[in-house]
Amino acid sequence: MPALLLALSLTAAVPVLPADYAPVRDQGNKASLLVYSVWSVATLATGVAGIFTTHDPLWQGAHVGHLIWGGTNTVIAAICLVNAFKGDPKTDPESLLQDGKNAQLAYTINALFDVATTVVSVVMLKELPDARWQGFAMASLVQS
């Protein structure tokens with residue numbers, strides 16, 4: 001609930017945009033997106049390599065989690081990379097403000113999914129004794 005209230009208050013705020021806002025925002029977003037992309041591909045590669053190299057049920061479950069989360073994050077990263085580098089810089093203050101509001105909403109939704117994933121993973125660790133589920137839950141905790 002606090003995250004939702006924070007998102008609503010930030011969305012309702014009308015900031016004064018400095019003249020250099022767009023380049024600073026774009027450079028920061030692109031740098032963050034590149035780090036996220038590397039993390040996504042590394043997680044996916046870990047899952048691919050790991051699933052074929054272990055016979056331990058705990059690690060098999062972890063690598064299934066790596067495959068699922070790495071694949072999901074890689075798809076998200078690819079979509080975001082296309083949008084970030086498409087080359088149509090916006091200079092209209094209204095468009096910039098709307099982009100900021102959209103980003104805040106996306107970050108809030110992502111944070112809520114991370115909290116939900118953490119809760120589900122902790123419950124899985126506590127309630128599901130199967131080693132594969134335990135490994136999957138541990139990999140999910142790392143991702144969330």
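**Helices and their contacts**

Reply: The protein chain has five helices and zero strands, where helices (H or I, at least four residues) and strands (E, at least two) are DSSP runs numbered from the N terminus. This is a predicted model, so local features need pLDDT of at least 70 and side-chain atom pairs count only at pLDDT 80 or more, while totals for chains, interfaces and linings use all residues. Residues are numbered from 1 along each chain as its sequence is written, and side-chain values use heavy atoms, with hydrogens and water left out.

Me: What pattern does the protein chain follow along the sequence?
Reply: Reading along the sequence gives α-α-α-α-α.

Me: How much of the protein chain is buried?
Reply: Of the 144 residues, 23% are buried. Buried means under 20% relative accessible area, exposed means over 50%, and partly exposed is in between (1.4 Å probe, protein chains only).

Me: What share of the contacts links residues 24 or more positions apart?
Reply: That share is 68%, taken over contacts with a separation of 6 or more. Contact here means heavy atoms within 4.5 Å.

Me: Switching to helix packing. At what angle do H4 and H5 pack?
Reply: H4 (residues 93-127) and H5 (residues 131-143) pack at about 155°, and their axes are 9 Å apart. That angle makes H4 roughly antiparallel to H5. For the wording, under 35 degrees is roughly parallel, over 145 roughly antiparallel, 65 to 115 roughly perpendicular, and the rest oblique. Axes are lines fitted to C-alpha atoms, for helices over the stretch in contact, and the angles run from 0 to 180 degrees between N-to-C directions.

Me: Is the crossing of H4 and H5 left-handed or right-handed?
Reply: Left-handed. That term applies if the near helix is turned anticlockwise from the far one by less than a right angle, and clockwise is right-handed.

Me: Which residues in H4 and H5 meet?
Reply: On the H4 side they include Thr117, Ser121 and Leu125, and on the H5 side Trp133, Phe136 and Leu141 are among them. By class, the residues of this contact are eight nonpolar, five polar and no charged. Ala, Val, Leu, Ile, Met, Phe, Trp, Tyr, Cys and Pro count as nonpolar, Asp, Glu, Lys and Arg as charged, and the others, Gly among them, as polar.

Me: OK, how do H3 and H5 pack?
Reply: Their angle is about 40°, with the axes 6 Å apart. H3 and H5 are therefore oblique to each other. H3 passes H5 in a right-handed crossing. The contact includes Gly61, Gly65, His66 and Asn73 of H3, with Gly135, Ala139 and Gln143 among the residues of H5. Its classes are ten nonpolar, nine polar and one charged.

Me: You mentioned His66. Is His66 buried or exposed?
Reply: His66 is in helix H3 and counts as buried, because its relative accessibility is 14%. Leaving out residues up to four places away in sequence, His66 touches Thr43, Leu44, Thr46, Gly47, Gly71 and Ala139.

Me: Last one, where is Leu33?
Reply: Leu33 is in H2 (residues 21-53), and its 10% relative accessibility counts as buried. Leu33 and Leu81 are 48 residues apart in sequence, yet 7.1 Å apart in space, C-alpha to C-alpha.
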